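Hi,

Here is the structure I promised to pass on. Have a look at it first, and then read my notes below.

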Amino acid sequence: MTAPSSILITPIHVGDLLAEGEVMPIYVHVIDHPDARVLVDTGMTELHPAVADLDPRLHPLTEEGFDLDTVDMVVNTHLHFDHCGGNKLFTGRPIYVQRQELDDARSEDEYTIRDWVDPPGVRYVPVDGEFELLPGLRLLPAPGHTRGTQIVVVDTGERPLIVAGDTAVWFGELDKPSTPGQLLIRALNPELVWLSHVHEPWRPAR
Ligand SMILES: [Zn+2]
């Protein structure tokens, strides 16, 4: 199905990490669809000793003037700590994640901050493969960064818009794709791709 043309994607800057001396922003993305407001990833909301060396500087969603109650559903691209730290804010709302990712985050050591994956009251909807979340809004498995990573594809009728999490951490990984997830994104011939750790969306070279 094709999405209504009024779908809007808004990035929200929820913090910065320091990775190998470089400041790496953390973004989450709000997708306003006529049928629902969808939040893709939830960033971080607190510090944790396990990631102190990344010197997180947080602007959590709770302080962004963003009304959490307006979110109808959440999608996690994957469950690394900088993508699921705010899941606890969305109890009572379905959180869509690939089953593979949920299994890995719950079972593999040093995968994420385990306490942030399953705080009290958080309810996941495990997804197996491709899933149509809303008309014109699809979840697609895009392995590479993690084997359970998924992307959100907005089919606008022409070229899709994509929210890709860490499928690519920086633009070079989409310029020269190598993982299955990166190759999938390029094969979809998107108009633009929002990443979690870059300020601007990636666009293919003309
Ligand atoms: Zn990340």
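Let me start with a hairpin: β1 and β2 form it with two residues between them, and Glu20 in the turn has a positive phi of about 50°. Before I go further, a word on the ground rules. This is a predicted model, with local features needing pLDDT of at least 70 and side-chain atom pairs counting only at pLDDT 80 or more, while totals for chains, interfaces and linings use all residues. Residues are numbered from 1 along each chain as its sequence is written, and side-chain values use heavy atoms, with hydrogens and water left out. Helices (H or I, at least four residues) and strands (E, at least two) are DSSP runs, numbered from the N terminus.

Strand β1 (residues 8-19) pairs with strand β2 (residues 22-33) in the antiparallel sense, over 11 bridges; two strands count as paired if DSSP finds at least two bridges between them. Leu18, for instance, has Val23 in β2 as its bridge partner. β1 is also joined to β4 by two bridges, again running antiparallel, and there Asp16 stands opposite Arg57.

These strands belong to an open sheet of seven, in the order β4-β1-β2-β3-β5-β6-β7, with mixed pairing. β4 (57-58) and β7 (123-127) are at the edges with a single partner strand each, so one side of each has no neighbour in the sheet. At the β7 end, five bridges join β7 to strand β6 (residues 94-98), and the two run parallel. Val97 is bridged to Pro126 in β7.

Ser6 lies in the segment before β1. Setting aside neighbours within four places in sequence, Ser6 is in contact (heavy atoms within 4.5 Å) with Asp32 and Pro34. Ser6 and Ser196 are 190 residues apart in sequence and 23 Å apart in space, C-alpha to C-alpha.

Next, helix α5 (residues 180-187). Which of its residues are buried? They are Gly181, Gln182 and Ile185, where buried means under 20% relative accessible area, exposed over 50%, and partly exposed in between (1.4 Å probe, protein chains only). Seen down the axis of α5, the buried residues fall within an arc of 100° (from the directions of the helix axis to the C-beta atoms), so they line one face of the helix. They pack against β10 (150-154), β11 (161-163), α4 (172-175) and β12 (192-194). The face turned away from the buried side carries the exposed Pro180 and Ala187. Just after α5, Asn189 takes a positive phi of about 50°.

The side chains of Arg138 and Glu130 are joined by a polar contact of 3.1 Å. A polar contact is a pair of N or O atoms within 3.5 Å; within protein, one must be able to donate a hydrogen and the other to accept it, and residues adjacent in sequence count only if both atoms are side-chain atoms. Beyond four places in sequence, the contacts of Arg138 include Phe131, Ile151 and Asp155.

As for the whole protein, the secondary structure comes to five helices and 12 strands. Buried residues make up 53% of the 206 residues. The C-alpha trace spans about 45 × 35 × 35 Å along its principal axes. Among contacts between residues at least 6 apart in sequence, 61% join residues at least 24 apart.

Cheers
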